[in-house]
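Reader: I am new to this structure. Please walk me through it, one step at a time.

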Amino acid sequence: MSTSQGPPQPKYVRSQRLWRTVRRIAFGGLVIALLTVVGFFLQGVPQGTCSCAVVDPDGAVAGAAGVFIGTPTKVLHGRDSDLYEIQVTEVFSGEVGAVTTVGTSTNTECSTSFVVGRPSLLLVTAPVSAGARWQAHGCGPDVSAAELRATAQTTYGPAHAPEGDRAEITTWTRFNYKVPRTLQFLILAALGCVSVAGYATRELHRAQRAAPSESERGDTIAE
């Protein structure tokens, strides 16, 4: 009389099916994340529109969140904005540190820019650009620097030394500026999918090794 062993125990079959499913899901998520990252880099820089009306110098100076004189020392060029590190010398209004960062939009007709090494009187608002402490806009009063300074002195009185917190362009600032937060999440998601897929593959191989082999299931026992 001879008998043969039956099919693998149900727990092995369920384990293999589970890890195959997990691996498929992880690879699917990885493909989606990678395609999204590629699409992000291939898409063009968004173009905006802007209409600058005549700006009254008194109103522009009074409405600014910060008014100060500083010299750009560094600049980071982004997809649709630039980030400047400014060495501040005089402050008329706002809590401005001796070193601060100012973002500028570059994707509209009203974009603005500064020359590294050239002092400027800046009228700034709350930040919009990533990593910026302040934001500068292209729609400003069409007057000379001397006239703008005179208006600032009339509005706020004599300038004083910077007193606020410092804001610098650091290595972390460069990373956050060059790699937007959404793209960071996509990269982390892709890495997570790779890790899950690798773990699922390892567990699937482990489950296959633990299951009875074909030769063991084909052995017969003679009596």
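Author: Some questions and answers on strands, cores and a pocket follow. Keep in mind that this is a predicted model.

Reader: How many residues of strand β3 are buried?

Author: Strand β3 covers residues 81-93, 13 residues in all. Buried here means under 20% relative accessible area. By that cut-off the strand is mostly covered, and the buried count is 10.

Reader: Which residue stands opposite Thr71 in β3?

Author: Start with the pairing. Strand β2, residues 66-77, runs antiparallel to β3 over 10 bridges. A hairpin of 3 residues links β2 to β3. Across this pair, the residue facing Thr71 is Gln87.

Reader: Which residue in the turn between β3 and β4 has a positive phi?

Author: β3 also pairs with strand β4, residues 99-105, in the antiparallel sense over 7 bridges. In that pair, Ile86 stands opposite Thr100 of β4. The two strands form a hairpin with 5 residues between them, and the turn residue with a phi of about 95° is Gly94.

Reader: Which element gives the most residues to the largest nonpolar core?

Author: That core has 12 residues, including Phe68, Tyr84, Val102, Phe114 and Trp134. Elements giving two or more residues to this core are β3, β5 and β6 (134-136). With 4 residues, the top contributor is β3.

Reader: Which element gives the largest share of the lining of the largest pocket?

Author: The largest pocket holds about 570 Å³ of space. Elements that give two or more residues to its lining are α2 (57-63), β5 (120-125) and α3 (145-156). The largest share is 6 residues, and it comes from β5.

Reader: How many charged residues are in the lining of the largest pocket?

Author: The lining has 25 residues, and Leu121, Leu123, His137, Gly140 and Leu148 lie nearest the centre of the pocket. By class, 14 are nonpolar and 10 are polar. The charged count is 1.

Notes:
Residues numbered from 1 in each chain as written. Predicted model: local features only at pLDDT ≥ 70, side-chain atom pairs only at ≥ 80, totals over all residues. Heavy atoms only, no water. 1 Å grid on protein atoms, 1.4 Å probe; cavity = no way out; pocket = protein on both sides within 12 Å on 5 of 7 lines; lining within 4 Å. Points joined across faces, edges and corners; volume = space filled by probe spheres on them. Nonpolar A, V, L, I, M, F, W, Y, C, P; charged D, E, K, R; others polar. Buried < 20%, exposed > 50% of the residue type's maximum accessible area, 1.4 Å probe, protein only. Pairing = 2+ DSSP bridges. Core = buried A, V, L, I, M, F, W, Y, C linked by side-chain atoms within 4.5 Å.
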